[in-house]
Amino acid sequence: MRHVAIVGSGPAGYYTAEACQKQFGDQVRVDIIDRLPVPYGLIRTGVAPDHQSIKGVSRRYEATALSDNVRFVGNVTVGEDVSIAELLNLYDAIVLATGAPADRTLGIPGDDLPGVVGSAAFVGWYNGHPDFADLAPVLSGPGAVIVGAGNVALDVARVLAKTGAEFTGSDIVGHALDLLDGATHERITILARRGPHQIAMTPKELGELGHLERAVPHVDPADLPPEAEDAALDPGLRKSVSHLRNFATLDLAKPITIEFDFYAMPIAIEGDGKVERVIVERTAIDAEGRANGTGETYVVPAALVVSCIGYRTPPIEGVPYDAKLGRFANDEGRIAPGLYAVGWARRGPTGTIGTNRPDGFMIAEQIAADTPDDYGKEGRAGLDMLLRDRNVDVVTFRDWQKIEAAETAAARDGSPREKFTSIDAMLAARGV
Ligand SMILES: Cc1cc2nc3c(=O)[nH]c(=O)nc-3n(C[C@H](O)[C@H](O)[C@H](O)COP(=O)(O)OP(=O)(O)OC[C@H]3O[C@@H](n4cnc5c(N)ncnc54)[C@H](O)[C@@H]3O)c2cc1C
């Protein structure tokens, strides 16, 4: 029997559990440990609340979670409640699937002013992550600036622009819905260092901006490369760029403008005790495709700045770490004997949900190659004893199902659930 502990219950964690089941059949016991009392990582706390069909992938993970040889061990933080060294004593293999939940900072003067938030915090706030329930962003004043040219920037722009009614059917949390519905900002500016041909925005997400009730996207036609050059792009990017070309022609009067500001990088954030303006420098692309400042600057008034420029994996004591790349140091997922990484904790924050699946299968094969059938380790019985001794309040999958049922019961009309936004409320819901 092999005992495997997977740390993190997001896509990478569940795909790894599924792969271990396929690899070892009933000769494996898998514990999926998560610091939150609720499973599924960014499926719950990252993927946009108005993209319910994407969140539906959690049903697949549920099937894995309900199998006899897989357990959810929630409300347990590895590195605090239990150490890596302790897990290595108990399990044949530890797989770190902790994602990349820490925002990269802008690294410019003023980036610590109240009103500057990272996308992990902002997205976590509207998705009910307990770490960010108290964020209360300012949604009035001159406007919001979003820094970044990927899909997270588009999610943030869309959520900031939608009316309350447009969230019907979503599971956006109540505190965010109330604030967003009353937002009075008139301009949402997306700052992209490079041009329309260098975006990492996909067509579906871009297209959605063209159909918002109170907001209209705008692109300066002067920023668009000659149309003939689109032919050299891959089909997905070409479609995205065609949306931008369409946005350059829209002439609709709506209360909010979503301004795509290309060739633009923030160089300072200013204000009297809070964000009031962003100083932006115009960029030009060099022969290597890098964006360099041109020295030309201008001011964009803003009460809120959301940086969507990537994430880092927080280090865990005892795990080799690559500080430059912001993730665990690993060679194709191998960190040290018996210790592996998958998903964003292995590769960094890139790719879609499905990109994490092959990681799981690669690691299951490595575990098969690296570990004998039976080391005689204690596995879950040992973990249970250790956590009991430390009075850790462990949440099981059954407990999660009770939490989920309570969230479903509390849903407002047309919404699948009203999420609990504090750990205490989640834990209390188990007793209902
Ligand atoms: C805002 C946003 C929107 C996205 N939208 C989409 C989309 O629409 N479609 C798409 O395909 N992809 C989307 N993605 C990408 C997708 O969410 C990721 O590819 C995927 O979630 C990465 O999976 P993961 O398991 O590596 O990490 P995560 O999903 O982050 O899971 C990590 C888990 O580890 C747990 N954890 C962390 N540290 C510890 C610890 N010390 N001890 C115990 N547990 C711990 C966390 O609580 C979490 O549950 C989006 C990403 C973001 C940020």
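**Figure 1. The largest nonpolar core has 46 residues.** Phe122, Ile146, Leu160, Leu180, Leu244, Ile258 and Phe260 have the most contacts inside this core. A nonpolar core here is a set of buried Ala, Val, Leu, Ile, Met, Phe, Trp, Tyr and Cys residues joined through side-chain atoms within 4.5 Å. Buried means under 20% relative accessible area, exposed over 50%, and partly exposed in between (1.4 Å probe, protein chains only). Helix 7 (residues 151-161) gives the most to the core, with 7 residues. Helices (H or I, at least four residues) and strands (E, at least two) are DSSP runs, numbered from the N terminus. Another core, of 38 residues, lies apart from the largest one and includes Ala12, Ile32, Val342 and Met426. In soluble globular proteins, nonpolar side chains tend to be buried together.

The model is predicted: local features need pLDDT of at least 70, side-chain atom pairs count only at pLDDT 80 or more, and totals for chains, interfaces and linings use all residues. Residues are numbered from 1 along each chain as its sequence is written, and side-chain values use heavy atoms, with hydrogens and water left out.

**Figure 2. Isoleucine 258 and its contacts.** Isoleucine 258 is among the residues with the most contacts inside the largest core. Its partners include Ala157 and Ala161, along with Ile188, Ile190, Leu209 and Leu212. Ala215, Val216, Pro217 and His218 are also in contact with isoleucine 258. Neighbours within four places in sequence are left aside. Contact means heavy atoms within 4.5 Å.

**Figure 3. Helix 6 (residues 119-126) is largely enclosed by the rest of the structure, because 8 of its 8 residues are buried.** The buried residues are Ser119, Ala120, Ala121, Phe122, Val123, Gly124, Trp125 and Tyr126. Just after helix 6, glycine 128 takes a positive phi of about 80°.

**Figure 4. The ligand is surrounded by 31 residues.** The closest are Ala12, Asp34, Leu42, Trp344 and Ile353. An oxygen atom of the ligand is 2.9 Å from a polar backbone atom of tryptophan 344. A backbone N or O atom of proline 11 lies 3.4 Å from a ligand oxygen atom. Taken alone, the ligand exposes 1,000 Å², and the protein buries 89% of that. Helix 1 (11-24), strand 2 (28-34) and helix 7 each give two or more residues to the shell.

**Figure 5. Aspartate 230 joins histidine 197 through a side-chain polar contact of 2.7 Å.** A polar contact is a pair of N or O atoms within 3.5 Å; within protein, one must be able to donate a hydrogen and the other to accept it, and residues adjacent in sequence count only if both atoms are side-chain atoms. Aspartate 230 lies in the loop between strand 9 (215-219) and helix 10 (235-247). Aspartate 230 counts as buried because its relative accessibility is 7%. Not counting residues up to four places away in sequence, aspartate 230 touches His197, Arg238, Val241 and Arg245.

**Figure 6. Glutamate 407 sits in helix 14 (residues 397-409).** Its relative accessible area is 0%, so glutamate 407 is buried. A polar atom of its side chain lies 2.9 Å from the backbone nitrogen of phenylalanine 420. Beyond neighbours within four places in sequence, glutamate 407 is in contact with Arg44, Trp400, Arg417, Glu418, Lys419 and Phe420.

Methods: Near = heavy atom within 4 Å. Areas by Shrake-Rupley, 256 points an atom, 1.4 Å probe, with all protein chains shown as cover.
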